[in-house]
Amino acid sequence: VTKQAAAAVGQCELMYTYDRLFGQYNHTVAQMLLTWEDFDHENRLHNLKNTLERLLQLHAIPIINENDPVACEEYSLGDNDTLAALVAKCIHADLVVLMSDIDGLYTADPHTHPDAKLIPLVEDITPEVMALADGAGSALGTGGMSTKLRAARMVTSSGADMVIANGAHPEL
């Protein structure tokens, strides 16, 4: 309950920050809080899709997050990578960009293996590629590279492309 209450407070802070920063560029933001149920029920999915499409037509930037204060475990999405993939599939996005604390998929964890090599392009997410993604990633994240690869499988199967980018280096 404390974690859910903290999430409710955090949502206000998050939206305040997004509104302030995007407002500096004269952009309007809109908040959408979702759970698995929104993707699992036809009517809710229809409403979600219509709302997103209309927000985009109005040039509003949807800030989408899991509705943590009310999401029970059985309807929790669990991570933002999965949420991004589900939203992208819902609106038939062309591209999904997931931020990470590393530059993309490596042959091993570059935090613990300095000789790890960046894999610049993955054409197919095979079991061997999935095996490269072990662990939960950073202490701040909930999924790490494995959730990014599962999201990539979902995104690419719907016809979109996906990029994993280093959030600390957006210029790359």
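Me: Where does asparagine 26 lie?

Reply: Asparagine 26 is placed in the loop that lies between H1 and S1. Please bear in mind that this is a predicted model. The phi of asparagine 26 is positive, about 60°, although the residue is not a glycine.

Me: Is asparagine 26 buried or exposed?

Reply: A residue counts as exposed when its relative accessible area is over 50%. Asparagine 26 has 73% relative accessibility and therefore counts as exposed.

Me: Which residue other than glycine has a positive phi near 65°?

Reply: That residue is histidine 59. Its place is in the loop between H3 and S2. Histidine 59 is exposed, its relative accessible area being 66%.

Me: How should I read the span of helix H1?

Reply: One sets the distance between the end C-alpha atoms against the span expected at 1.5 Å a residue. H1 covers residues 2-23, which makes 22 residues, and it reaches 31 Å from the first C-alpha to the last. This is close to the expected 32 Å.

Me: Which residues of H1 are buried?

Reply: The general idea comes from the helical repeat. An α-helix has 3.6 residues a turn, so residues three or four places apart point the same way. In the present case, Ala7, Gln11 and Met15 of H1 are buried.

Me: What covers the buried residues of H1?

Reply: The cover includes strand S1 (28-34) and strand S2 (60-66).

Me: How do S1 and S2 run, parallel or antiparallel?

Reply: Strand pairing is read from the bridges. S1 and S2 run parallel, and seven bridges join them. As one example, leucine 33 has asparagine 65 in S2 as its bridge partner.

Me: How many residues of S2 are buried?

Reply: Five of the seven residues of S2 are buried, and the strand is thus mostly covered.

Me: At what angle do the axes of helices H3 and H4 cross?

Reply: The axes of H3 (residues 42-57) and H4 (residues 80-91) cross at roughly 80° and come within 10 Å. Angles of 65 to 115 degrees count as roughly perpendicular. H3 and H4 are therefore roughly perpendicular to each other.

Me: Which residues make the contact between them?

Reply: H3 contributes Leu45, Leu48, Lys49, Leu52 and Leu56, while H4 contributes Val87, Cys90 and Ile91. Of the residues in this contact of H3 with H4, seven are nonpolar, one is charged and none is polar.

Definitions and conventions. Residues are numbered from 1 along each chain as its sequence is written. This is a predicted model: local features need pLDDT of at least 70, side-chain atom pairs count only at pLDDT 80 or more; totals for chains, interfaces and linings use all residues. Side-chain values use heavy atoms; hydrogens and water are left out. Helices (H or I, at least four residues) and strands (E, at least two) are DSSP runs, numbered from the N terminus. The expected span of a helix is 1.5 Å times one less than its number of residues. Buried means under 20% relative accessible area, exposed over 50%, partly exposed in between (1.4 Å probe, protein chains only). Contact means heavy atoms within 4.5 Å. Axes are lines fitted to C-alpha atoms, for helices over the stretch in contact, and angles run from 0 to 180 degrees between N-to-C directions. Angles under 35 degrees count as roughly parallel, over 145 as roughly antiparallel, 65 to 115 as roughly perpendicular and the rest as oblique. Ala, Val, Leu, Ile, Met, Phe, Trp, Tyr, Cys and Pro count as nonpolar, Asp, Glu, Lys and Arg as charged, and the others, Gly among them, as polar. Two strands pair if DSSP finds at least two bridges between them.
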